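Colleague: Could you walk me through how some parts of this model pack together? I'm new to this, so please spell out the terms as we go.

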Amino acid sequence: MALVATACSGDLPASVEEGTEVTVAWTGSLTSTNPANAASVTDGNLDIASVTRGAFGTLVDDTVEMDETFGKVTMEGDDKQPRVRFDLAKPTWSDGVPIDTADLMLGWAASSGYFSNPKEGSSDGTVDFGGVTTGLTKSAYIPEIDEGARAIEVPLVVPVVDWQTALNVAVPAHVVGQKALKIEDPIEAKVAVENAIEESDTAKLTKIAEAWKSIFAVAEDGKASEAALLSSGPYKISKISTAEGGQEVDLEANPEYAGEAKPTYEQVRLTPAGADALDSLGEKVDVVQVAPTKGNRKQVRDLERRDYGVATANDGTMWALTLRTDRGVFKRKETRTSYLRAVPRGDISEGGAGDWAEAYEATDVVLFPPGGEGYQIATEDSGFNTKFGASEDAKAPRGARVCISYDKSSAFASGAYDTIANAVDDEGWSTADCGVSSADKVLSGSRWDAVLARIPIPQTPEEISAQWGTKGSLNATGGGDRERDRLISELARTADPYEARDVRVEIEKSLVRDSIVVPIVMNPTVTVIDKKVDSVRPRSGQVAPLVSTVVEWSPTKK
């Protein structure tokens, strides 16, 4: 087995234009510059990390985009002795210190959790970094280091599906070593961190882990150490300050960055987005991203008619109707199938969104975002449209009554509920209102038979298991399927991206087979852009959908 992840070469983006600045209305805040710290995974922190951190690969929609200017990732060996090799190119931190094997080893220690549950003989104690763990939890032992090649090779117990993105070079090892081990010289500090990991030195690793967790924090007033603001991405943080309504973060082009993405804007300001953010477009801010509501429909339409840019994307979640299978009317699969055939998916968007209906993209798939190759294959292979098309079998059994739970505070959910209730009534289904006061209560109680709610498109096998596994913590069906559980476990151990896609399609087919959920539409975001800014194409998904694309923006040419 020899799988290589590389980036496609091409012309670099235009170089930075001196004196250019763009201001973005922002709803986040920066609390930590360590995006791999599980306690610091917030929308705001991930926004900043998306433009201040280089990476081997980034998951965009259902495809991993590799950056060969940062490095190359290779899966080698076979299923019995798999190894992942991480080879750096020549990236550096913004203080000019090279990124090398010490940074890779620190990233591995944090994301593998290896020292929090060490193998026999590997350590005298346990050390918990508290990092966001990845497939590197399947590390067989401490990686082998190739100093000359600036590479490490990680031996695994089994193959892992996320090998291309598993290693997050989140923070500079020299900064951690300087703080934790009281070493002034950055190169000596790097070496000390690397040695501590290689030697499983629990005493030093404990200090390293504490520094890793603490020194990258940003105080409420914006104070952070200079070392915490180092960058390996196209931008670096120049200032953090408090502003009316929240926090303001200023970014500037990183002169030490020599990677694939070349920003055009020299300065980027993220400023608090107040309730009147659209009113200040073209004056205080240049780009605004909002949720479509009845209240802002006319304003956005008027701006679009005056040649302001408007772009829609999705936020990585979809509206779906999920059926409870362990009790009540939907215990029998035939009844579930009949009901889902009666659900008027084509009318729900208009019923829920009204004038914003065109912003809600229809979807036929639960496990893939629309637009990608995986989505197309899943749509073709799952049999969803054939099974749940209009049919005489949509008629209800005698006395069938369905109580639907939904969030009454959501205009979309309320309108969608009314649309569903009216349509299924024509097929003989009696609908009862089990609506609740907020989204976090839709699965509470025991009266409901179906739930209309937003659900995320799961990115990892663990997220699929939580949502659709038999014992999943977010499983709204109350039931499960052994074959689906087996497929989810198989996906976690599938290294080949194409084979992994095919396994995910099989999981999708199992959901269709069991008649437990019907996807309806993706939940949209709307980005409005001032006339002086060009090439703003927000990314769909949950992670940094707008800020991550700043490197592609440019001033409009007059």
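Colleague: Are α13 and α14 roughly parallel or roughly antiparallel to each other?

Modeller: In this predicted model, the axes of helix α13 (residues 482–492) and helix α14 (residues 497–514) come within 9 Å and cross at roughly 165°. Helices here are DSSP runs of H or I with at least four residues, strands are E runs of at least two, and both are numbered from the N terminus. Axes are lines fitted to C-alpha atoms, for helices over the stretch in contact, with angles from 0 to 180 degrees between N-to-C directions. Under 35 degrees counts as roughly parallel, over 145 as roughly antiparallel, 65 to 115 as roughly perpendicular and the rest as oblique, so α13 and α14 are roughly antiparallel.

Colleague: How many nonpolar residues does the contact of α13 with α14 have?

Modeller: Contact means heavy atoms within 4.5 Å, and the residues making it include Leu487 and Ile488 of α13 and Val503 and Ile507 of α14. Ala, Val, Leu, Ile, Met, Phe, Trp, Tyr, Cys and Pro count as nonpolar, Asp, Glu, Lys and Arg as charged, and the others, Gly among them, as polar. Besides 1 polar and 5 charged residues, the nonpolar count is 7.

Colleague: Which residues do the totals for chains, interfaces and linings use?

Modeller: Residues are numbered from 1 along each chain as its sequence is written, and side-chain values use heavy atoms, leaving out hydrogens and water. As the model is predicted, local features need pLDDT of at least 70 and side-chain atom pairs count only at pLDDT 80 or more, while those totals use all residues.

Colleague: How does α9 lie relative to α14?

Modeller: Helix α9 (residues 373–382) packs against α14 with the axes 9 Å apart, at an angle of about 40°. That angle makes α9, relative to α14, oblique.

Colleague: How many charged residues are in the contact of α9 with α14?

Modeller: Glu373 and Asp381 are among the α9 residues in this contact, and Arg501, Glu508 and Lys509 among those of α14. The residues divide into 4 nonpolar and 2 polar, with the charged ones numbering 5.
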